[in-house]
Amino acid sequence: MSDPKAPQRGGDSTRAVHGGEREGRPRVSDALSTPIVQTSTFWFRDTQELIDYQEGRHPSYEYGRYGNPTTQAAADKLRELEGGEACVTSASGMAAITTLLLALVPRDGHIVTTTDCYRRTRQFIVTVLPKLGIETTVVEPSDIDALERALERETALFFSESPTNPYLRVVDIPRVAGLCHARGARVVIDATFATPINQRPLELGADVVLHSGTKYLAGHNDVMAGALVGSTETLAPVRELLGIMGSVLDPHAAYLLLRGMKSLALRVGRANANASAIALHLERHPKIERVHYPGLESHPQYKIARAQMSGFGGVVSFEVTPDFEATAKFVDALQIPYIAPSFGGCESLVEQPAVASYWDKSPEERAELGIKDNLVRYACGIEDTGDLIADLDQALDRI
Ligand SMILES: Cc1ncc(COP(=O)(O)O)c(C=O)c1O
């Protein structure tokens with residue numbers, strides 16, 4: 001039985017706390033928190049009940065790969081936060097990306113993507129999609145002319161992060177959506193860096209918003225998850241393929257995702273504030289060559305970011321003077337953040353992308369990919385702003 005007091009709408013925090021959990025979900029032992037429904041299969045009382053299920057008269061579940069009440073509650077919460085019609089969850093962000101591209105791009109099809117992006121996404125696009133005859137045109141996130149030229153071909157979809165990884169470039173989502181839709185191409189935005197607290201791609205015109213739930217949504221650096229939100233029709237083939245490929249979200253992981261999302265607005269607000277303060281502070285620091293943060297006026301897409309984001313995110317990238325060695329020394333001197341990949345948890349994390357993600361590449365290959373040796377990606381957690389800044393200053397004093 002659903003809760004008659006279930007809020008229909010409300011602000012970000014109200015939806016983050018209550019969304020997906022007060023309406024529709026089965027009430028078990030009057031437990032307030034959504035239970036972890038630890039089962040691989042679901043049973044039917046008789047053949048008639050199974051027939052009723054098949055024909056939509058008996059709402060239930062059938063088999064773990066096709067759905068689970070805990071997973072559904074997590075999907076419903078995110079769907080409400082993004083303001084979408086349907087949500088598909090997956091075992092990781094990469095499972096969401098790979099399944100979406102395989103489901104929505106036809107054999108020998110064409111996609112457009114952007115230069116700055118998570119390296120495994122790029123790897124999938126460059127090494128796996130060509131096996132299906134799928135071609136990709138890569139454009140700069142803000143190069144609208146290049147996008148228009150790319151769309152002269154029949155294009156299935158435009159796929160980009162916004163903000164991007166690691167330079168935090170911003171895509172003008174309404175403009176890109178207008179151009180793509182006029183040519184019949186769908187727009188998919190990986191909004192892992194932004195979260196629905198800072199940016200709502202569907203409201204800006206995107207067809208699908210994608211998340212690595214491993215990051216801010218789950219928010220505690222303790223679980224892998226992925227999710228897609230969009231229309232029921234667009235996501236139907238993705239849902240179908242996920243049921244075949246099998247990279248679905250486990251109920252335990254779904255529970256952690258669900259619990260993490262309750263504090264999403266609070267955590268993201270704090271991470272935004274930390275990152276903004278750090279970006280402003282470092283921009284004035286003599287040992288910092290350049291700061292990349294969409295909330296800075298010096299950012300090339302600052303105006304676009306202001307128009308489509310309500311907060312600028314918890315990740316700041318910056319270049320340390322003068323070189324690779326000084327940057328490594330600075331990273332080693334930091335006391336608060338862990339040296340680790342990922343972002344979006346309570347703990348601040350730091351990495352030198354040249355070492356963390358691109359160590360297998362030669363300096364020339366890194367330069368070609370735009371990964372500078374002195375680049376640092378600093379992912380703010382929810383620690384106190386003053387402590388993070390004092391820690392950055394003492395580490396910069398050591399080089
Ligand atoms: C922007 C972005 N998208 C997708 C992914 C992949 O997500 P996952 O690690 O959950 O597979 C990552 C991982 O870092 C990411 O940064």
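The model is predicted, and its chain is assigned two parts, domain 1 covering residues 12-262 and domain 2 covering residues 264-397. A ligand is surrounded by residues that include Ser92, Tyr118 and Asp190. Two helix pairs are described as well, helix 3 with helix 10 and helix 4 with helix 9.

**Domains and their contact**

- The C-alpha centres of domain 1 and domain 2 are 27 Å apart, and the contact between the domains involves 30 residues of domain 1 and 32 residues of domain 2.
- On the side of domain 1 that touches domain 2, the elements that give two or more residues are helix 1 (12-18) and helix 8 (195-198).
- Sorted by class, that side of domain 1 consists of 14 nonpolar, ten polar and six charged residues.

**Helix 3 and helix 10**

- Helix 3, which spans residues 69-82, packs with helix 10, which spans residues 251-262, at an angle of about 30°, and their axes are 8 Å apart.
- Because angles under 35 degrees count as roughly parallel, helix 3 is described as roughly parallel to helix 10.
- The crossing in which helix 3 passes helix 10 is left-handed.
- From helix 3, the residues Thr70, Thr71, Ala73, Ala74, Lys77 and Leu78 take part in the contact, and they meet Pro251, Ala254, Tyr255, Leu257, Leu258 and Met261 of helix 10.
- Taken by class, the residues of this contact between helix 3 and helix 10 comprise nine nonpolar, two polar and one charged.

**Helix 4 and helix 9**

- Helix 4 (residues 93-104) and helix 9 (residues 232-245) have axes that come within 9 Å of each other and cross at roughly 120°, and the crossing of these two helices is right-handed.
- Helix 4 contributes Thr99, Leu100, Leu102, Ala103 and Leu104 to the contact, where they meet Pro237, Val238, Leu241, Leu242 and Met245 of helix 9.
- The contact of helix 4 with helix 9 contains nine nonpolar residues and one polar residue, with no charged residue.

**Surroundings of the ligand**

- The residues around the ligand are Ser92, Gly93, Met94, Tyr118, Glu161, Asn165, Asp190, Thr192, Ser212, Thr214, Met224 and Gly226.
- By class, the shell around the ligand is made up of seven polar, three nonpolar and two charged residues.

Technical notes
Residues numbered from 1 in each chain as written. Predicted model: local features only at pLDDT ≥ 70, side-chain atom pairs only at ≥ 80, totals over all residues. Near = placed C-beta within 6 Å. Nonpolar A, V, L, I, M, F, W, Y, C, P; charged D, E, K, R; others polar. Axes fitted to C-alpha atoms, helices over the stretch in contact; angles between N-to-C directions. Helix = DSSP H or I, 4+ residues; strand = E, 2+ residues; numbered from the N terminus. Parallel < 35°, antiparallel > 145°, perpendicular 65-115°, else oblique. Left-handed = near helix turned anticlockwise from the far one by under 90°. Contact = placed C-beta atoms within 7 Å. Domains from an automatic or database assignment.
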